[in-house]
Amino acid sequence: MDEDDFLEPGQGISQDQRAELWLGALVFLVVALLLALLGFVTYEAWPSFAHNGLAWFGAGGSVDEQIQRIFTSGDLKETPVYTFHAWPLIWSTILTTVGAVVIAFVASLFIAVFMVEFAPLWLRRILEPVVRLLASVPSVIYGLVGVLVLVPFISNHLISPSEKASVTPIIQLSGGSLLAAVLILTVMISPIMIAVFVDGLRAVPRGWLEGSLALGINPWRTFWKVGVRTARPVLVAGTVLAAARALGETIMLSMVSGGVPFSPNPVDGLIFLFEPSQPLAATIIRNNEQISSPPMKHTLYAIGAVLLFSTAMLSFIGWAAKRPMRRYGVVA
Amino acid sequence: VSAASPAVHPRPASGGNAYRLTDRIGLGLAWLLGLMFCAIAAAIVIYFLIEGIRFLRPSLLVTNPVAASSESQTGGFLDPLLGTVIIGFMAMAIALPMGVAMAVWLSEFGRPAGLARVAESIIEMLAGEPSVVLALFGLALFGVPALAFLSQATHGVVLGQSFFAAAAMLSIVGLPMVVANVREGLQAIPAHVREASYALGKTKTATIRRILLPAARPSIATGTMLGLGRVISDTAVVLLLLGGTLTFQNANSVPLLGLLRGTGDTLTGYIYYNAPTGDGNQPDKAYAAAFVLMLMILALNLGVNSVVSRSRKTVRWS
C-alpha cells in the first residue's frame, strides 16, 4: 500500500493522465512502426515496379532465368537489369492458398460445430489442446514432415512412371508438388480457422437455439440453421485470416512445393496436382543469399511488398468482418 | 369430421425431431473429422518422438555444428540451441512489456477512439503479416547507418544482421499474441471490480497495477507462452536477419555485446539447413534438432493448458 495509490487533491488525476499519455504514446509508436514498415518496403521495392510496370504481375519468360540475369547484372556493376514477370509465382500462391483454404474451411466448420455442440465432454477436452498444439507446431517442422514423409510417398506411390515420363521434356515430377503443399497447408491453417469459428459459435445466444429446439427441430439442424447462420461474420473473418496466413507461409512451402517457378495448368488434368511450383514467399527465402546484389534486392522487396499489401488487406477485411459479432459480445 | 383437420395429423416423420439421413451423415462426418484431427496431431508428435529418440545423442547437445558432408563429421547443435534460448529471451523481453502496456491502453483507456480502432486493426495486421516481410523490413531498417551499433559494418556498409535485429523483429511476431490474450483477460474482469477500487479512493493507475494486472496474471502467462512459441518457431527472420550461420560469429571480442551484435543461428534455422532441401542435407541431424524443438513447443503448450484449466477452476467474479 503506497501512499500514492490514493487520490490526493489534484495530484492523483495528473498521475492517471501521465499514465494514459505514456501508454498512448507507446501505442502510437507501434502505429508508426507499421507505417515505417509500409514505407521502407515500398521504397526498396519501387525500382522493380517502376521498370516493369504492370508487366511485373504478368507472364513471360522463365522466372529462374530472369532472377539469374537480375542477380548477375548487380554483381558485374553493369547497368542493372530489372525485367521480372512474376505470374508463375503468383499463380502458384493462388493455387496453394485457394486449395488449402477451401479444404480447411469445410473441415474446420465441421470440427468447430462438433467441438461446440456435439462432441462428448472428454473429446472436447482433448480437441481444445490439440487445436492449440497444431497451431503452434513450427512451420519448419511441418516442412520437414512434408519433405521426408509426404513428398517421397507422393513420388513413389501416387505418380506412376508413365506420368513422370509424359512430362519429362518440360518438368521433373519428384514429389514436391502442389498436392503436398496444399495438404500440409490445410493442416497448418485449420487450427486458426477452428479457433476463430469456435469463439463465434460459442457466442450465439442460447435462447435462439432453444427457440428452434422447442419447435421440434433436431439439434443438428438447429445448430446449422440458427447457430452457423448467426456466426456468419465470424466464418468470413476466420477464413480471411487463415487465407492471410496461407498466403504468407514461407518455410514449409519452400520445402515441399518443388522449388521450380512453373505454372501448373489445371487443363492438363489431374497431373497438375503433382507438378512443382514456387509461391511468392518461398521465392524470397530461396534467393535470400542473393540480396547482396542491388537489383536483386529491389526485386525481392517487390515480392515482399506484394505479400505485405495482400496480407494486410486480408487481415483488415477479417478484422472488419468480425466487428458485427460484437453485438453478441464476442471480442475474438 | 374433426379428425380430418390438419392439426390432429401426426407430423411426417422426416420433418420433425427425427434425424434425416443427411443429418446422420453430417454428424458422422463431424465425428470423423474431429477424430482425424486428433490423429494427425498425435501422428506428428509420436513420429518426432520416435525419430528424435533414434537420432538424438547427448553429444549433439554439447558440440557445435561443422559444415561437412557426412553425419559423423557435422557435429551437434549447441550454438543453435543457445541461439533459440537467447532469441526467445530477448524477443519476449521487448514483446511482453510492450504487449501488456498496449493491452492495458486498449482495454482501460482507448481514447481517442480513432487511435484505438487503428491500433486494434494494426495489431491484427501484424498478426497476419508473413514473418519474411518483417525480416525484409528489418534488413532495411537495421541497414540504416545510424543503427550500425546494433550490427556490424564493413567499409561503411552496415550488415543489418545480428541478434539485436532478429530479436527486435521477432518481438513483433510475438507481440499480437501477448496483446490479444492480456486484453481478453482484462476485459473478462467485470466493471464492478474497478468501481469498487475507485470507490475506495484508488487512482486508475493504482487500480490497474494492483487489481487488474494481478487478476489478469493467467492471461499474461498464456500470452507470453504463446508468443514465445511463435518466436522460437520462426525461421524466415532467423535466416534473413540472424544470418543462419550455424555457429555464433561474434562481431568483436567484447564479451556479451560482441555476441549479440554478431550473427548466429537457432534450431529452426539449423533444421532448415539440414533438411533435404537445405544446403546441409543431414536429415538425421534435422530430426534430432526437430525433436528438441518439439519438446520445447510441447512444454509451452502444456504450460498453456495447465494455466487455462487452472484459471477455469478458480472462482469467477460474481
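1. By class, 17 nonpolar, 15 polar and seven charged residues make up the lining of the second largest pocket. Here Ala, Val, Leu, Ile, Met, Phe, Trp, Tyr, Cys and Pro count as nonpolar, Asp, Glu, Lys and Arg as charged, and the others, Gly among them, as polar. The model is predicted: local features need pLDDT of at least 70, and side-chain atom pairs count only at pLDDT 80 or more, while totals for chains, interfaces and linings use all residues. Residues are numbered from 1 along each chain as its sequence is written, chains are lettered from A in the order in which they are written, and side-chain values use heavy atoms, with hydrogens and water left out.

2. The volume of the second largest pocket is about 980 Å³. A pocket is an open set of points on a 1 Å grid over the protein atoms alone, with protein on both sides within 12 Å along at least five of seven lines; lining residues have an atom within 4 Å of a point. Points are joined across faces, edges and corners, and a volume is the space filled by probe spheres set on them.

3. The lining of this pocket has 39 residues, and A:Asn288, A:Glu289, A:Ile291, B:Gln161 and B:Leu240 are the closest to its centre. H12(B) gives the largest share of the lining, three residues. Helices (H or I, at least four residues) are DSSP runs, numbered from the N terminus.

4. Chain A brings 92 residues to the contact and chain B brings 93 residues, contact meaning heavy atoms within 4.5 Å. About 8,100 Å² is buried between chain A and chain B, and carbon and sulfur atoms give 72% of that area. Buried area is the accessible area (1.4 Å probe) that two parts lose on being put together, summed over both.

5. The rule finds two salt bridges across the interface of chain A and chain B, each a side-chain nitrogen of Lys or Arg within 4 Å of a carboxyl oxygen of Asp or Glu. A:Glu20 forms a salt bridge with B:Arg111, with the closest N and O atoms 3.3 Å apart. Helix H1 (residues 11–52) of chain A gives the largest share of the side of chain A that touches chain B, 19 residues. By class, that side has 63 nonpolar, 15 polar and 14 charged residues.

6. The count comes to one cavity of 30 Å³ or more, a cavity being a set of grid points where a 1.4 Å probe fits but cannot get out. Its lining consists of B:Pro65, B:Val66, B:Thr74, B:Leu246, B:Tyr270, B:Tyr273 and B:Asn274. Five of these are nonpolar, two polar and none charged.

Conventions
Helices (H or I, at least four residues) and strands (E, at least two) are DSSP runs, numbered from the N terminus.
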